[in-house]
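Here is a walk through one protein model, from the overall fold down to a single side chain. Please keep the sequence and the structure in view while reading.

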Amino acid sequence: MRSDVKIDKSVQSTSSTVPEQSLTTILAQTVKTGIIKSNLLAMFAGLTLALFINDYSPLEKIPEIILAMIGSALVIGAAGAFNNLYDRDIDSIMERTKNRPTVTGALQPKTVLLLGIIMSVVGLVSLAFTTPLAALFGLLGLFFYVVPYTMWTKRHTIYNTEVGSISGAMPPLIGWAAITTDLMHPALLGLFVIMVLWQMPHFYAIAIRKYDDYKAANVPMLPVVKGFKRTYIQTNIYLIALIASSFLFITFSIGIMLVALILSIAWLILSIVGYKKMTTKKWATTMFIFSLNHLTILFATIIVYSFIGSTFL
């Protein structure tokens with residue numbers, strides 16, 4: 001049965017052209033379910049990696065796996081809710097975000113705040129039932145995304161992407177810590193470093209694709225402040241670092257190292273060749289699409305390899 005949320009009268013003038021949406025859709029947009037799904041893939045990569053390296057069968061850790069998935073989803077969703085709540089002023093300016101529930105008034109600020117708090121608490125408690133370290137990583141991810149990124153650097157410096165990448169790299173650490181508190185394995189460092197480095201070319205591409213939006217909202221994304229050429233150069237620097245970080249997997253699996261290496265080299269070649277042959281916007285779109293494929297293929301490979309190893313070997 002469809003359940004529609006009424007628009008508050010105070011925002012009727014700004015949302016009169018927005019079609020009515022179901023409560024499920026409104027909540028999904030508020031907590032950013034797309035981001036939850038992609039980050040759960042990263043979390044599960046860290047989790048399955050920990051299972052394999054520490055010789056655990058998935059059947060031995062079913063409660064931890066379930067709690068890690070629930071806790072991670074809730075904490076990531078809470079971060080999205082807080083971000084939408086704080087950014088509703090600039091979101092109202094940008095074309096791609098102007099219909100978010102926090103902008104249209106489909107959800108009141110107090111409701112979003114309460115939702116974020118409840119999701120944070122329940123999510124962190126769920127992670128704590130796996131290990132306190134997993135809950136700590138969840139808290140750090142939430143904190144870095146909401147305070148240093150959303151409330152400070154996003155509006156004040158071109159290095160907002162670098163700061164936000166710390167939060168974005170927490171999911172694999174959460175997954176790993178849900179199984180073991182041993183943080184010394186190089187493969188775990190590889191997951192974290194790759195997640196940090198991957199985010200820069202990915203979000204630079206988004207910033208170019210949505211250049212007009214960010215410029216209108218006065219958000220200091222790198223291409224807005226420093227231009228496309230600087231963004232291209234910086235993208236390639238991070239891609240070279242991403243190539244080098246692939247070798248962190250060498251002590252874990254030559255195969256996974258090669259997958260990470262080949263994907264990263266291909267990304268750099270695409271960047272260099274594409275920039276010469278394509279318009280800037282088309283180059284950014286191509287880079288964005290490849291970034292999604294890069295991470296999906298790499299993490300899927302890690303998950304399948306680790307799951308088969310922990311289950312059958």
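Predicted model: local features only at pLDDT ≥ 70, side-chain atom pairs only at ≥ 80, totals over all residues.

The protein contains 16 helices and zero strands. Its radius of gyration is 20 Å, close to the 20 Å given by the globule rule for 313 residues, so the protein is as compact as a globular protein of that length. The C-alpha trace spans about 60 × 50 × 35 Å along its principal axes. Of the 313 residues, 53% count as buried. Among contacts with a separation of 6 or more, 75% are between residues 24 or more positions apart. The accessible surface comes to about 14,400 Å², and carbon and sulfur atoms account for 69% of that area.

Helix 14 covers residues 228-245, 18 residues in total. From its first C-alpha to its last it reaches 25 Å, close to the 26 Å expected at 1.5 Å a residue. Its buried residues are Thr231, Tyr232, Gln234, Thr235, Asn236, Tyr238, Leu239, Leu242, Ile243 and Ser245. Against which helices do the buried residues of helix 14 pack? They pack against helix 9 (160-168), helix 11 (186-209), helix 13 (222-226), helix 15 (254-277) and helix 16 (280-312).

Lys32 lies elsewhere, in the loop between helix 2 (23-31) and helix 3 (33-53). Lys32 is buried yet has no salt bridge. The nearest side chain of opposite charge is that of Asp87, 6.2 Å away, whereas a salt bridge requires the nitrogen and the carboxyl oxygen to be within 4 Å. Leaving aside residues up to four places away in sequence, Lys32 touches Gly80, Asn83, Asn84, Arg100 and Tyr145.

Definitions and conventions. Residues numbered from 1 in each chain as written. Heavy atoms only, no water. Helix = DSSP H or I, 4+ residues; strand = E, 2+ residues; numbered from the N terminus. Expected span 1.5 Å × (residues − 1). Buried < 20%, exposed > 50% of the residue type's maximum accessible area, 1.4 Å probe, protein only. Contact = heavy atoms within 4.5 Å. Lys, Arg positive; Asp, Glu negative; His and termini not counted. Rg over C-alpha atoms; globule rule 2.2 N^0.38 Å. Areas by Shrake-Rupley, 256 points an atom, 1.4 Å probe, with all protein chains shown as cover.
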